[in-house]
Amino acid sequence: MSSKQSQPMQKRSSGFSAHKPALPELLTNPPLRKGMHPIQVVRGMRDLLPSDQPYWKQMEDMAERMAMDYGYARIDTPLIEDYSLFIRGVGKVTDIVEKEMFHWETPGGEHVGLRPESTASVARAYVQHGMLNLPQPVKLWNIGPMFRYDRPQAGRFRQFYQASFECIGEADPIVDAQLIIVSWNLLKGLGLDPTVKVNSLGNPESRLNYKNALVSYFRGKRSQLSEEDKKRLVKNPLRLLDSKEPNMQELKAEAPQMVDWLDEESKAHFMRVLEYLDEVGVPYQLDPYLVRGLDYYTKTVFEWFANSNDQELAQSALGGGGRYDLLIELLGGRPTPGAGFSLGLDRIASRLKELNPTPPAKDEVDIFLAQLGEMGRKKALGLFEEFRTAGLLVGEAFAKSSLKAQMEIANRRKAKWTIVIGQKEVLDGTAIVRDMDSGTQEIIDAKKAVHEMKKKLGLHTQ
RNA sequence: GUGGCUAUGGUGUAGAGGCAACACAGCGGGUUGUGGUCCCGUUAUCAUGGGUUCGAUUCCCAUUAGCCACCCCA
């Protein structure tokens with residue numbers, strides 16, 4: 001608790017103990033002592049401070065607005081899920097599950113994990129609650145924290161926030177296109193001018209065939225590969241295509257292309273997605289090397305970037321998504337197609353901050369209530385409630401005693417009017433109203449204060 | 001997970017082996033009850049622990065955290 005420091009603080013001598021008076025020994029927890037690490041946020045976690053909130057509010061509002069416009073219903077799933085949900089849903093050998101998950105065994109012996117993304121949870125909810133009996137497709141959205149045990153960096157946190165939209169139960173390519181349009185509108189609505197990279201991974205069979213072709217091609221070039229790329233060749237061959245190794249550019253040129261291996265249906269599907277995007281004028285780029293880090297994607301995949309220039313920068317992806325026609329079945333549901341996207345709110349927020357570094361101050365007020373003396377303070381306390389109940393935007397600093405300090409605060413909070421109530425006014429049943437622009441003052445009847453102020457603010461009174 | 005860089009008040013910075021400086025913000029005040037300017041005062045366990053030294057905030061080591069590149073992704 002902060003309190004006014006009316007007494008001069010004891011002169012600080014050496015050592016930590018002089019810093020604060022000793023806490024009573026009754027406390028079960030010992031006070032923080034010299035030699036202890038200062039208590040701070042856990043690695044990779046962060047506080048969203050009051051000054052961050054305007055940006056987050058903006059994003060939440062825009063996501064909600066898009067959900068309304070496009071008919072998505074909100075769903076909130078738990079942060080903690082059965083670990084096997086993510087093994088099955090996201091993929092056992094993906095980096096996300098293999099090395100980036102917070103997971104542990106509960107005292108009761110359940111193996112649980114903090115969600116690294118929300119699509120698997122939403123799909124689980126779809127199956128668990130029999131949403132296949134609802135009119136299809138089922139459109140769901142959510143917003144909240146995700147957790148990945150990654151090494152923190154700018155734009156990369158261990159707890160980060162996503163807004164996700166999922167459309168389950170419809171295989172038509174118009175859904176893929178519209179999801180891209182929704183995410184585009186969301187980002188545009190926030191004032192960004194993003195571009196999207198799109199690709200198609202085909203069905204699992206064509207994807208596998210392509211992967212094999214790729215592996216045999218690169219096996220032939222094995223001697224030219226870096227150590228890192230050799231590992232990729234074994235673990236995740238598709239990743240070879242966006243390797244940053246210098247010699248990869250020429251090797252890539254000769255490599256088999258994903259489009260050539262797409263099955264006919266996926267190819268036709270992809271063509272239609274692109275036609276729809278052309279129709280609406282979404283600024284997309286084809287990227288045959290775009291592979292997403294989750295196993296469940298089939299056919300369309302896409303990834304958003306703040307602008308076309310900084311795609312190569314690390315942590316520049318603002319979000320992405322794609323089609324996951326196998327996921328529901330993977331989780332024990334009937335074969336059901338689905339598609340969705342997620343946006344990284346932390347990264348979008350930092351863009352918004354760049355765009356608009358000074359968000360409007362939220363502590364502005366129409367009227368400020370200043371008081372003097374114990375009687376005035378008591379009276380003002382009650383009057384504040386009257387104003388507040390009447391719906392007026394009113395501020396106070398009842399803990400301050402000097403009028404000067406209160407006037408300073410009134411000024412800082414951009415009050416149009418300051419009402420002053422001192423001992424004299426209480427006895428007279430009046431109040432002083434000061435116009436903060438002109439500095440002129442008048443005396444009003446304290447009983448009519450609310451009415452008078454409403455009139456001054458141009459509000460109707462009845 | 002791998003390699004590298006960094007760490008000084010609330011914020012942004014300066015500094016040097018021997019009293020830690022500046023700006024902004026904060027708090028208090030400038031004679032009794034009036035703001036925006038001005039003036040004064042005040043606000044630092046120099047990240048944590050250890051070592052070297054007569055003396056370390058400064059040099060060394062470890063820890064922690066942040067950042068950068070990789071990895072990966074949002």
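How do the residues of the surface near RNA strand B divide into nonpolar, polar and charged? They divide into 16 nonpolar, 20 polar and 21 charged. Here Ala, Val, Leu, Ile, Met, Phe, Trp, Tyr, Cys and Pro count as nonpolar, Asp, Glu, Lys and Arg as charged, and the others, Gly among them, as polar.

## Model and numbering

This is a predicted model: local features need pLDDT of at least 70, side-chain atom pairs count only at pLDDT 80 or more, and totals for chains, interfaces and linings use all residues. Residues are numbered from 1 along each chain as its sequence is written, and chains are lettered from A and ligands numbered from 1 in the order in which they are written.

## Surface near RNA strand B

RNA strand B is surrounded by 57 residues (C-beta atom, placed from the backbone, within 6 Å of the strand). The closest are A154, G293, M407, G422 and K424. Elements giving two or more residues include β6 (159–168), α7 (227–235) and α15 (423–428). Helix α14 gives the largest share, six residues. Helices (H or I, at least four residues) and strands (E, at least two) are DSSP runs, numbered from the N terminus.

## Helix α1 and α5

Helix α1 (residues 53–70) meets helix α5 (residues 173–189) with axes that come within 10 Å and cross at roughly 140°. Axes are lines fitted to C-alpha atoms, for helices over the stretch in contact; angles run from 0 to 180 degrees between N-to-C directions.

M62, A63, M66 and Y70 of α1 contact V182, N185, L186 and G189 of α5 (C-beta atoms, placed from the backbone, within 7 Å). Six of these residues are nonpolar, two polar and none charged.

Conventions
Two residues are in contact if their C-beta atoms, placed from the backbone, lie within 7 Å.
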